Amino acid sequence: MHCTRTVLNNLLPLAPLIPHAIGPEKFATWLLRSRSPVCCTNVFARTQLYSSSVSAEPFLNGTSSRYVEEMYNSWLKDPNSVHVSWATFFRNSSAGAPPGRAYQSPPSHLILPRNQTSAASLVPRKDGLSSPSLGEQNNEKLIDDHLSVQAIIRSYQIRGHHIAKLDPLGISSVDLDEKHPPELLYNHYSFDEADMDRKFKLPSTTFIGGKEKTMTLREILHRLETAYCRHIGAEFMFINSLEQCDWIRYKLETPGIMEMTNDEKRLILARLTRATGFEAFLARKWSSEKRFGLEGCEILIPAMKQVIDKSTELGVESVVMGMPHRGRLNVLANVCRKPLEQIFTQFAALEAADDGSGDVKYHLGTYIERLNRVTNKNIRLAVVANPSHLEAVDPVVQGKTRAEQFYRGDGEGKKVMSIILHGDAAFSGQGVVYETFHLSDLPDYTTHGTIHIVVNNQVGFTTDPRHSRSSPYCTDVARVVNAPIFHVNSDEPEAVMHVCKIAAEWRATFHKDVVIDIVCYRRNGHNEIDEPMFTQPLMYSKIRNTKPVLDKYAEKLVEEFVVSAEEVKDVRDKYESICEQSYQNARKETHIKYKDWLDSPWSGFFEGKDPLKVSPTGVIEDTLVHIGKRFSSPPPNAAGFVIHKGLERILKSRLEMVESRTVDWALAEAMAFGSLLKEGVHVRLSGQDVERGTFSHRHHVLHHQKVDKATYRPLCHLYPDQGPYIVCNSSLSEFGVLGFELGYSMTNPNALVCWEAQFGDFNNTAQCIIDQFISSGQAKWVRQSGLVMLQPHGLEGMGPEHSSARLERFLQMSADDPDYFPPESEEFAIRQLHDINWIVANCSTPANYFHILRRQIALPFRKPLILMTPKSLLRHPEARSSFDEMLEKTEFQRLIPENGIASKNPDSIKKVLFCSGKVYYDLIKARREGQLEGSIAIARVEQISPFPYDLVKRECTKYPNATLYWAQEEHKNQGSWTYVNPRFNTALNSTRDVSYIGRPTAASPATGSKMQHLPALTNVLEAINLPENTMKLGEAKDNAGNDMLKMMQYVFPIVTQIQMEVIKKYGFSEGREGIVRFAQLIRTMEKDDAEVAHLHAQVRAHFLPPVAISTEDAS
């Protein structure tokens, strides 16, 4: 319609000939009313009659009548001597054409663009066919009527889904709006019943006519309603591609396109019978068990199988699936064809034959390779295990799919695809859905199209959709990526199959996401023992009187003589006997096997390996030099590649480090990656701004300063036969991207997959992935992962959200027993790693960082690695390592002992400080400034979990006369303290105490003020100079409680009686306020009293921090 109006608007240069009251919208009406070509009106003044009246042929008026007469005489002699338009006019006039009908416009030679048509072709003759004449009195509104027909067609394409019959219960509107869009009513366009049998030319934007070019309005409306308003509601007209819209229109509008053969109908019935029979069997055998059955949406099973069948036919060989718990057992049984015995044993209270805590049956995954009997092709099906966090599995599925595509060389997603199932409430309510959709078209994250299937119960747990979403549909989130959305009535199996076929073909054609919204109901409550009538009484009254879809479809096929009632019963009985036989076999089982439910098997990885032997992580020096020089150089043979001046300096300094056999953090990382790439290991680094690095230290991608998008990646060009290296900036997402990288790491154990947080603090938005998948995945699902989480961590005055990666949370979730000291042996370290759920480390040297990254691949198994990575240490002059610490026969050091002056005379050491990470450099600086190198030893615990009991014990034994401390930069209730404290006691068999040095407890991870940060750090560092006659602060507090006076007496024996009298005189209260007032008093007195000044210094350094007052108060 728009295009046609554009054509009419092009006639506006003729506006001077048109009455000014006539606007462009009514131009067609005026044109018809004028009854003559505009360009010829009022040209002639004189009148000469030939075969028509002057009034009928107004162009005969004027001084040019002689010209017309000459033309007529020429025509009489030779009809070919005049223009064809004159010849036609004279011929029609001589034949007695009625007034106004003698003239015909000559044919146009203009080639109109697609979807445009000439205005004249829209005017029909009296017989209903088009005519080039514009002179009919009855056709004043013809062009507007044709434009209205186009508007109606477009309205159905855009809005038809609003009135589609989608609800199988027939009680609500799926779009939460009961109104009928007025643009879908023909009388909205000034049509009436008399117009229903008029014929109209169909525009090229519809396929409802098939081969027909014209059609009556009645038939147009009927076919539009059939395509868009029956049991399929399609949303696609928001897609900004005419090709894609036309493709969908063709699939929906073509007459007869939904017709199915009898064999196809029988296949639907058989699959529907299995889906229904499985749930019925479980309900009979385990009536009081939660299983989150599929009753009310049994059509899901035939739908998924239709998607898989069509996709397999189009070349797909592997399908990765993710889904919530509803219907999972049915999917495993009837889509994946997992042995029923293994499913039934999950209902029995049997012991596990392998390690792990296991999970409830409706969270488990699986992996199956089988023959697709419909296409006769082999297919690999994986269902990824998922917790009760319904949509958390979405990015995991995408990551696993992307990895499988990568390893297969499937750059277009033709062989590997993903299917994700959703619930309606979760699909609209959970933000990770949005995050996952926004990965769908990113170059390093796309899976080239995912088929999303929504099991739309039309209710959440108990929440009505009107209270659980603000959008009309639960699927509106998919519109952000131009994914077409097909809503379909679950009780119309053939419509569901047609939509699934379209979805599979869409993905294969355009490699983009698509959504199938199966509008169904939940026959039971949230689970089988839940009572839904409490909250949805009307809905469930209707449900109880609604026949199952199997019964409805079986009756339909019997009526169509496709099957007989006996055949329907035979199919049911056959599946019932299969279930019963499997049930009897399952009763013979004595154990369950968690490994039967593994969703990502690693064929051949564990075979032939010593599970307690680690490959060496050191490398030869030539490898380090080669990688270092390549990493420090611009592109070879590319003199025109302009590098930023600042980067030139960085590359030069790197090359100088290589020549001096030294590495910093960035160089050590590059050497770890490069040495693994040399060995053929795939390395992938992902996260926000990782290509450059948040702190501008990495620079793994060099950008041409003069040419857009021209880049060079040094680590991709180290060796001709190296492993592939991928470094990619992610979207601004933690939940989605971390889940994606976890899924990527699950696919192949021979790959180093790293995710880096922009700041470690931001990992909390991905806490669900950390808690439900990474920390507990192996225990629940026997699934290993070698994922590395790099998390910048350190209190450096950057505020509460740029300081702490919440180390304490990871340590709290570590599964080692704080009261158990494993037997010491040569395999002590590797046994600890084997038994732990993940590894938590806070390295203090680049060399150790190098080794721990390489160790991830050297281990004979896989464990997630949680690494606290530095910020200021990236450029700290002392945070350097020599090549000697990275060569062959070197390895990762779980604990780095004191190796300075203090280690030479251990008996004279008064204090041993254990620490981890960046604070080590602060401590050695304070020790150096206090000239205490000979009396204080400092040891670094690099691997915090699993705890190095053996090395801690050895280090403590070395210094028998020393007082032991744990020092950390984090607050007392954060960081490592609560984790290491009981483990120190276990390591030392409670023979020696370990005291705490660090910030006091706090709710926030860090202060936002530099003025507060620096004094707080100073207090921590001054604490290493505690006088020997001072009691432990913790013991003092225990003895004195909150009494200010007693506290001072215990902690500061140097306080004189006079000073105590001063305290009494001023009547200081208990707690924080009293402490602050006391400090203020001392501050005023110290100017004149040296002893008081000394007392003040001790208050500041040793008393204020442990009782948790702010640094501002302490100053």
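Visitor: How do the side chains of Glu969 and Lys918 meet?
Guide: They meet in a salt bridge, at 3.2 Å from N to O. Keep in mind that this is a predicted model.

Visitor: Where do Glu969 and Lys918 lie?
Guide: Glu969 is in strand E27, residues 963-971. Lys918 is in the loop between strand E24 (911-915) and helix H29 (919-929). The two positions are 51 residues apart in sequence, so the pair ties those parts together.

Visitor: Are they buried or exposed?
Guide: Glu969 and Lys918 are both buried.

Visitor: Why would such side chains pair at all?
Guide: Opposite charges on side chains can pair when the charged atoms come close.

Visitor: How many salt bridges does the structure hold?
Guide: The structure holds 47.

Visitor: What about Asp263 and Arg266, how do they meet?
Guide: Their side chains form a salt bridge as well, with 2.7 Å from N to O. Both residues belong to helix H8, residues 262-285. They sit 3 residues apart, which is about one turn of the helix.

Visitor: Is Asp263 buried or exposed?
Guide: Asp263 has 57% relative accessibility and the cut-off for exposed is over 50%, so Asp263 counts as exposed. Arg266 is partly exposed, at 34%.

Visitor: And Arg544, what does its side chain meet?
Guide: The side chain of Arg544 meets that of Glu531 in a salt bridge, 3.9 Å from N to O. Arg544 lies in helix H17 (residues 537-544), while Glu531 is in the loop between strand E11 (514-519) and H17. Those parts are 13 residues apart in sequence, and the pair ties them together. Arg544 counts as exposed at 56% relative accessibility, and Glu531 is partly exposed at 31%.

Visitor: Which residues are linked in a network of salt bridges?
Guide: Lys251, Lys310, Glu313 and Glu505 are linked that way.

Visitor: Which residues are on each side?
Guide: Val788, Leu790 and Pro792 are on one side of E19, with Met789 and Gln791 on the other. Both faces are covered.

Visitor: What strands is E19 joined to?
Guide: Strand E18 (residues 751-756) is joined to E19 by 3 bridges, and the two run parallel. Strand E21 (residues 865-869) is joined to E19 by 5 bridges, also in parallel.

Visitor: Which residue stands opposite Met789?
Guide: Trp755 stands opposite Met789. Towards E21, Val788 stands opposite Leu865.

Terms used: Residues numbered from 1 in each chain as written. Predicted model: local features only at pLDDT ≥ 70, side-chain atom pairs only at ≥ 80, totals over all residues. Heavy atoms only, no water. Salt bridge = Lys/Arg side-chain N within 4 Å of Asp/Glu carboxyl O. Helix = DSSP H or I, 4+ residues; strand = E, 2+ residues; numbered from the N terminus. Buried < 20%, exposed > 50% of the residue type's maximum accessible area, 1.4 Å probe, protein only. Pairing = 2+ DSSP bridges.
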